Amino acid sequence: MNLRPFPDRKISILFSLLALIGAGVVIFTFLGDGTTQLVCTGSFENFRSTTAPLQLRAILHYATSKTVPQQSFDEISISFNVLKTIAPCNFLVFGLGHDSMMWSTFNPGGLTLFLEEDPKWIHTVLKDAPDLKAVHVKYRTQLSQSDWLMKSYKDEPECSPKKSYLRGNNKCKLALTGLPDVVYDKEWDMIMIDAPKGYFDKAPGRMGAIYSAAVMARNRKKSGVTHVFLHDVDRPVEKAYAEEFLCRKNLKDGSGRLWHFEIPPANGTYRNEWC
């Protein structure tokens with residue numbers, strides 16, 4: 001088998017990405033009403049929706065950058081196809097990275113909020129993309145605790161699916177309690193989990209992010225499902241926690257290292273079990 005050199009592969013991904021962003025510009029130009037609306041309250045009241053200029057800046061950015069998003073074209077396309085049908089929406093992304101401007105441009109008129117563990121990295125990214133909405137998040141777990149957390153959470157009543165809450169839930173180590181109010185107050189239509197770091201023992205791992213995404217989805221009051229996308233499912237921790245809390249029965253689609261779940265609100269129908 002003759003494989004193309006790596007630089008050709010990067011160029012292919014870049015042009016595919018530009019095609020996606022360009023398609024998003026065309027689609028949302030025709031679907032949008034051309035207005036700019038406030039999309040959240042509290043400390044985020046001055047954040048405005050993504051507009052066409054940011055989309056055009058994204059095209060320029062990716063056309064001139066040597067760095068491409070870590071997700072493949074097929075992985076990105078799964079999330080993009082969902083956004084085509086539900087945007088503008090509330091889109092919560094765990095992780096701020098080289099693909100953040102892309103995700104924001106895919107959701108014009110909606111709120112796309114990034115949660116990032118590294119404050120220095122936030123500063124670096126926002127220097128080039130000041131329109132992005134990102135906040136610093138502290139995690140209470142380490143990857144080395146993943147096995148213990150999986151076993152011990154069942155003995156903590158505040159972690160139970162019947163309780164299922166995050167804000168102020170200090171007894172459940174998997175619950176993310178230090179998030180901005182806007183995260184708790186909003187109902188998220190899409191949640192992308194591509195962070196925090198989960199590839200060395202002292203890293204936070206994605207256990208809390210996966211558990212908390214499941215809680216947010218189950219507590220949804222609006223109609224419809226919550227779309228949850230989890231990256232790096234080839235790693236044992238991501239896969240095990242996805243099967244425990246996001247549930248195989250909710251797995252809608254997948255490609256490469258990405259799984260797409262559609263999680264319905266609990267509504268009392270399965271309050272006593274996760275899956």
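Which residues does Phe 94 touch, not counting residues up to four places away in sequence? Figure 1 takes up this question.

**Figure 1. Phe 94 and its contacts.** Leaving out residues up to four places away in sequence, Phe 94 touches Leu 115, Tyr 139, Leu 176, Ile 191, Met 192, Ile 193, Asp 194, Ala 195 and Ala 209. A contact here means heavy atoms within 4.5 Å. Before you go on, please note that this is a predicted model, in which local features need pLDDT of at least 70 and side-chain atom pairs count only at pLDDT 80 or more, while totals for chains, interfaces and linings use all residues. Residues are numbered from 1 along each chain as its sequence is written, and side-chain values use heavy atoms, with hydrogens and water left out.

**Figure 2. The protein chain as a whole.** Nine helices and seven strands make up its secondary structure; these are DSSP runs (H or I of at least four residues for helices, E of at least two for strands), numbered from the N terminus. Of the 275 residues, 52% are buried, where buried means under 20% relative accessible area, exposed means over 50%, and partly exposed lies in between (1.4 Å probe, protein chains only). Take the contacts between residues at least 6 apart in sequence: 69% of them join residues at least 24 apart.

**Figure 3. Two nonpolar cores.** A nonpolar core is a set of buried Ala, Val, Leu, Ile, Met, Phe, Trp, Tyr and Cys residues joined through side-chain atoms within 4.5 Å. The largest one has 47 residues, and Phe 94 and Tyr 211 have the most contacts inside it. Helix α8 gives the most to this core, with nine residues. A second, separate core holds 23 residues, including Ile 78, Phe 80, Phe 106 and Ile 122. In soluble globular proteins, nonpolar side chains tend to be buried together.

**Figure 4. Helix α8 beside helix α9.** Two packed helices are described by the angle between their axes and the distance between the axes. Here α8 (residues 207-218) and α9 (residues 236-246) have axes that come within 9 Å and cross at roughly 20°. The axes are lines fitted to C-alpha atoms over the stretch in contact, and angles run from 0 to 180 degrees between N-to-C directions. The two helices are therefore roughly parallel to each other, given that angles under 35 degrees count as roughly parallel, over 145 as roughly antiparallel, 65 to 115 as roughly perpendicular and the rest as oblique. On the α8 side, the contact is made by Met 207, Ile 210, Tyr 211 and Ala 214, and on the α9 side by Val 237, Glu 238, Tyr 241, Ala 242, Phe 245 and Leu 246. These residues divide into nine nonpolar, no polar and one charged. For this count, Ala, Val, Leu, Ile, Met, Phe, Trp, Tyr, Cys and Pro are nonpolar, Asp, Glu, Lys and Arg are charged, and the others, Gly among them, are polar.

**Figure 5. Leu 230 in strand β5.** Leu 230 lies in strand β5 and counts as buried, at 0% relative accessibility. Beyond residues up to four places away in sequence, Leu 230 touches Ile 193, Ile 210, Glu 238, Ala 242, Leu 246, Arg 257, Leu 258 and Trp 259. Leu 230 and Asp 194 are 36 residues apart in sequence, with 6.4 Å between their C-alpha atoms.

**Figure 6. Met 190 in strand β4.** Met 190 belongs to strand β4 and is buried, with a relative accessible area of 0%. Apart from neighbours within four places in sequence, Met 190 is in contact with Ser 79, Val 82, Leu 83, Ile 86, Asn 90, Phe 91, Leu 92, His 227 and Phe 229.

**Figure 7. Backbone details in the loops.** Most residues other than glycine have a negative phi, and most peptide bonds are trans. The peptide bond from Ala 87 to Pro 88 is cis, with omega near 0°, and Pro 88 sits in the loop between α3 (73-86) and β1 (90-94). Another cis peptide bond joins Ala 195 and Pro 196, with omega about 0°; Pro 196 is in the loop between β4 (190-193) and α8. Ser 164 has a positive phi, near 50°, and is found in the loop between α6 (146-152) and α7 (181-185). Asp 232 also has a positive phi, near 70°, and lies in the loop between β5 (226-231) and α9. Ser 164 is buried at 2% relative accessibility, and Asp 232 is buried at 7%.
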